[in-house]
Amino acid sequence: MSTVVSDAQERIRATGGRAPNVFRRGEWVPMKQYPENEAVDFVIVGTGCGGSVLAAQLAEAGHSVVAFDAGAFYRPLEDFASDEREQEKLYWLDERISGGDHPIELGSNNSGKAVGGSTVHFQMVALRFRPEWFTSRTSLGYGHDWPVDWREMWSYYAKAEDAMKIAGPIRYPWGPKRGRYPYREHELSASALVLAKGAEAMGVKWCGTPTASLSAPRGEAHPCVYRGFCKIGCATNAKQSMLVTFVSKALKHGAEIRDLAMVGRIEVGPDGRATGVHYHREGEWRFQKARNVVVSGYSIETPRLLLNSACPAHPDGLANSSGLVGKNLMVHVNDAVWGIMEEEIRWYKGPPSLAVCEHWNYEDEGKDFDGGYAFMSQGPLPTDFATSLVSNEGVFGHELRKWMSHYNHMAGLKMVGETMPQETNRVELSDETDALGLPIPKVSFSYCENDRKMAKHAERFQGEMLRAAGAKSLYHTSSTAHLMGGCRMGDDPASSVVDAAGRSFDIDNLFVCDGSLFPTAGGVNPSMTIVANSLRIADRIIAMARRGDLH
Amino acid sequence: MAVPRPDQHARASRDIAALHDARPASVAEQPNMRSGTLLAVTGIGLVAASLAGIAVASRGGNRPARAARYAAWGSALLAGSVLADSAMEHYRGNFRRKEMFAAPVVAAGTLATALATAVTSRATSYKAALFGGTIATGLFGLGFHLRNILSRPGGLSWNNLFYRAPFGAPGALALAGLAGVGAVAADRADRRERLGQKGHGRRAGYGLGLFTAAGLFGLTAEVGLLHFRGAFHDKLMYAPILALPFTGAAIMAATADPQPRRRSLARKSLEATAGLGLVGTGLHAYGVSRNMGGFANWTQNLFQGPPIAAPPSLAGLALMGFAALDLLDRHGKDPSHGPR
Ligand SMILES: Cc1cc2nc3c(=O)[nH]c(=O)nc-3n(C[C@H](O)[C@H](O)[C@H](O)COP(=O)(O)OP(=O)(O)OC[C@H]3O[C@@H](n4cnc5c(N)ncnc54)[C@H](O)[C@@H]3O)c2cc1C
Ligand code: SF4
């Protein structure tokens, strides 16, 4: 096992007026710092798609911002190894209890812990919601409506895509017309061509996946080298994670980032309003004063922090008068079909999902379920793939070796399927505590009948397509990916946690801005929707501040 | 939803065992050559072809006319660019088909012939035949490249146009052949004009001018496509797609009606195009340095692009244009004897 000598996890790096320069080995960029005992305009908890975007936009508008992240501040060029084990350092592997009828696996496939959040190891699939999903209750008869018009979201998607220089196809075959992606699509890998071939054989549309990886240089970031280590962190900076985009932008505009800083509790003053956060850094608990607090810790940590901040004024946790904090947690059904191709595929090459089929997101006929799913070509790294073989097929030893000997001839299609929001799927606090004395979150998850029908439908359809592409010896694996919901946004204080600006109905200087706001999951990977929504929320907050509507 | 289903599992295992035994032996895809060696061989090929050309030439014969020299140097530059580019790109494509060896081999032959044409007037018929072969190879190449594009899912899609075998490369080979044919024609025309047979210089200039313009328009399409693929991430990437069609139009105008003002405008824009070829080579080198590892990782990054060998072909085309102008200067309206 190769190990990179990196002190990012042991020692704080963003301190002393500087933060790591992510584009250079061993170099730094200047960073503004704020005293703890003077209230900053915004404290932001988490620096993923929600937190870093907000930090950058608010700092750019002239607000004082301190953003905390429990994870380390890496320089990808020197801190990332081409080694699956070593790179587990990017996952949120703190203890969590997972229950329900279908307990979800937590960590590698749904949450990250680093400055830049889960995007440091996300797989860069950059899709938009189908417009009707923003009104899925009124237009399609399931789930909940979003408190925002799709056209507004559409304009923010364009901004998000430009900020991340998404490499996408010139014509996107589904949904209303969209502007041109800022960078051109990548060359299709052999594994992407399997999807293309299958789709053409079945007469179904397909296209190159819009991908958050550079297909041409951008500033100091190198273009993609197609080595396929994306899921364990991109060492060339081709991946347009939050770390190399919005975190850099935030620093440039005067935001302070505090790495290796775990926020444990939001403090509420006698007037019932937030006054700052307690955080653990360098072995001690500290306190940062703030005029406004934004929670952006993603669907498990955001509810956990709100619930753990309960106080006499808010005995059920902050922002929880609706009782919905932590509820309606959603995942994506991530079942896949795999097969063996006659020709060599070497699917580990390049970003793993370079071709996509959104047919069943846009086609409503012929479905026996609500919601939609997309599916993409696959390229898991060897350990990842072997692990899924062991856990799904139960093969081991010589048998496993035999299966793995087909690795270079394998191809697969994996779905991202929308699960339904259910109140019983939720995050709660358990009685156990972690090393910092914080209650460990307990996550309960069960598929509903609709989720299962969708998974069956996808298994059949993906299998058919893989077979049409020439794959043999098909088999099927089950898993989940991504997290959505847990702090739904909406127009009604009784049925949502925050409003369309992410502002709590209960505490007017407390905001949520991350993937936990999703009222419904949608059948596409969530990051672009989170980034677009965060850009939208940033504009609303900036407008509120201009109107004198903030403190 | 739990998945291990013993029956299915047992069946799959059996299938897989069968397939395992039947699996085709993995093909030795990569030729037995490292990219560093390949680049060295390409470099040696360039030098060898040049030396061969000059060796042929050193055995006497008259010095060709100026227009012929220009066109021959243009042909040599184009062929050299194709030699370097096709050797690398076809290596990258594993020389999967034998035909893929044709491009670098023919380009090397063309380079040698072009250099010989630049220094001596001997053996013009052989040279013309060889250049004709170059053109034919280029046209066949276009066919192969088109088939390569259409053979992939998506067919004539942007993705395949961006990343499959490019139209421009065999086009450049055909142009090298055309420039060579033009050089031979210019030399012959010059001889006839000197014998008092009027009209030959004008006709040769006309042909060379048209081919140059066609080449410039073709190159605009190729550069446009590839710079679009690079999302014009650097604004300088617009320069060739503005300059090339302008130059094409200028040389067309000068060819159609070779009056002094038009010839002078065409000359200036050709000079700018040649300059752009030089600057572009530098910029492409800078582009290579922006890949992960920069020039320290040259064996990989020279392939990763942008192709350093591509921009010199602008200078090659410009030389072809200068040849046309030289003929038009002498034999067009208000003849002059070229610049100065
Ligand atoms: C393996 C993998 C692949 C993925 N692939 C894709 C993909 O291809 N396309 C796509 O669109 N999406 C993908 N995603 C999902 C996407 O990355 C997430 O949905 C997105 O990053 C969530 O954004 P967020 O801001 O809500 O949370 P995150 O990005 O997870 O950020 C939350 C941050 O908050 C920090 N934090 C949490 N609690 C605290 C606390 N109390 N104190 C301090 N810091 C805290 C965490 O350390 C973390 O850095 C993938 C995710 C994973 C895990
Ligand atoms: S394949 Fe491209 S995006 Fe993925 S890790 Fe390598 S360079 Fe980064």
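Select Met124(A) in this predicted model; the residue lies in the loop between E5 and H3 of chain A. Its phi is near 75 degrees, a positive value in a residue other than glycine. Most residues other than glycine have a negative phi.

Return to the loop between strand E5 (97-99) and helix H3 (136-140) of chain A, and select Arg130(A). Which residue forms a salt bridge with Arg130(A)? The partner is Asp364(A), with the closest N and O atoms 3.0 Å apart. Asp364(A) is placed in the loop between helix H8 (359-362) and strand E16 (373-377) of chain A, so that the pair links distant parts of the chain, 234 residues apart. Over all chains, the structure holds 44 salt bridges.

Next, centre the view on ligand 1. In total, 40 residues surround this ligand, and the closest are Asp69(A), Ser118(A), Val125(A), Tyr298(A) and Ser527(A). Display the side chain of Ser527(A): one of its N or O atoms is 2.5 Å from an oxygen atom of ligand 1. A polar backbone atom of Gly50(A) is 2.9 Å from an oxygen atom of the ligand, and a backbone N or O atom of Pro526(A) lies 3.4 Å from an oxygen atom of ligand 1.

How much of the accessible area of ligand 1 does the protein cover? The cover amounts to 98% of the 990 Å² that the ligand has on its own. To see which elements give two or more residues to this shell, colour strand E10 (262-268), helix H7 (298-308) and helix H12 (527-547) of chain A. The shell around ligand 1 divides into 15 nonpolar, 20 polar and five charged residues.

Now bring both chains into view and select the interface. Here 54 residues of chain A are in contact with 33 residues of chain B. The area buried between the two chains is about 3800 Å², and carbon and sulfur atoms give 60% of it. The size of an interface is often given as the accessible area lost when the parts come together.

Across this interface the rule finds one salt bridge. Select Arg152(B) and Glu187(A) to display the pair, whose closest N and O atoms are 3.8 Å apart. Side chains of opposite charge can pair when their charged atoms come close. The count of residue pairs in polar contact between chain A and chain B is nine.

On the side of chain A that touches chain B, highlight strand E7 (183-184), helix H5 (190-202), helix H9 (382-393), helix H10 (397-404), helix H11 (449-468) and strand E20 (472-477), each of which supplies at least two residues. E20(A) gives the most, with six residues. By class, this side of chain A has 22 nonpolar, 15 polar and 17 charged residues.

The last stop is in chain B. Select Pro306(B), in the loop between helix H11 (298-304) and helix H12 (312-331) of chain B. The peptide bond from Gly305(B) to Pro306(B) is cis, with omega near 0 degrees, whereas most peptide bonds are trans.

Definitions and conventions
Residues numbered from 1 in each chain as written. Chains lettered and ligands numbered in written order. Predicted model: local features only at pLDDT ≥ 70, side-chain atom pairs only at ≥ 80, totals over all residues. Heavy atoms only, no water. Contact = heavy atoms within 4.5 Å. Buried area = accessible area lost by both parts, 1.4 Å probe. Salt bridge = Lys/Arg side-chain N within 4 Å of Asp/Glu carboxyl O. Polar contact = N/O pair within 3.5 Å; in protein donor to acceptor, adjacent residues only side chain to side chain. Helix = DSSP H or I, 4+ residues; strand = E, 2+ residues; numbered from the N terminus. Nonpolar A, V, L, I, M, F, W, Y, C, P; charged D, E, K, R; others polar. Near = heavy atom within 4 Å. Areas by Shrake-Rupley, 256 points an atom, 1.4 Å probe, with all protein chains shown as cover.
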